[in-house]
Amino acid sequence: MEPKYPQVKVQLTGQDGNAFMVMGLVSKGMRRAGCTSEQIKEFTNEARSGDYDHLLQTAMKFVEVS
């Protein structure tokens, strides 16, 4: 399944894996790729609505994760 914003590439492997770091890296990648504040807020709201596994699934749903 292709992510919602395939132009956004975020590397999570080799990074600190805590939830705040993951959300920060994805948000930063989206901002750098030109996503609007509303689009980033949509990601963060959905990412916060579940557990850590849900956060990772949401990241992969929104951006290209490696």
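In which kind of crossing does H1 pass H3, left-handed or right-handed? Before I answer, please note that this is a predicted model.

Let me begin with the two helices concerned. Helix H1 covers residues 19-32 and helix H3 covers residues 52-62. Their axes come within 10 Å and cross at roughly 15°. Because angles under 35 degrees count as roughly parallel, H1 is described as roughly parallel to H3. As to the question, the crossing in which H1 passes H3 is left-handed.

Which residues make this contact? On the side of H1 they are Ala-19, Val-22, Met-23, Val-26 and Met-30. H3 contributes Tyr-52, Leu-55, Leu-56, Ala-59 and Phe-62. By class, the contact of H1 with H3 has 10 nonpolar residues, no polar ones and no charged ones.

I turn now to helix H2, residues 37-47. Four of its residues, Ile-40, Phe-43, Thr-44 and Ala-47, are buried. These residues lie on the same side of H2, because they cover an arc of only 95° around the axis. The buried residues of H2 pack against H1 and H3. On the face turned away from that buried side, H2 carries the exposed residues Glu-38 and Lys-41.

Finally, I would draw attention to one residue of H1, namely Ser-27. Is Ser-27 buried or exposed? Its relative accessible area is 10%, and Ser-27 is therefore buried, since the cut-off for that term is under 20%. Leaving aside residues up to four places away in sequence, Ser-27 touches Ile-40, Phe-43 and Thr-44.

How values were computed
Residues numbered from 1 in each chain as written. Predicted model: local features only at pLDDT ≥ 70, side-chain atom pairs only at ≥ 80, totals over all residues. Heavy atoms only, no water. Axes fitted to C-alpha atoms, helices over the stretch in contact; angles between N-to-C directions. Parallel < 35°, antiparallel > 145°, perpendicular 65-115°, else oblique. Left-handed = near helix turned anticlockwise from the far one by under 90°. Contact = heavy atoms within 4.5 Å. Nonpolar A, V, L, I, M, F, W, Y, C, P; charged D, E, K, R; others polar. Buried < 20%, exposed > 50% of the residue type's maximum accessible area, 1.4 Å probe, protein only. Arc of directions from axis to C-beta.
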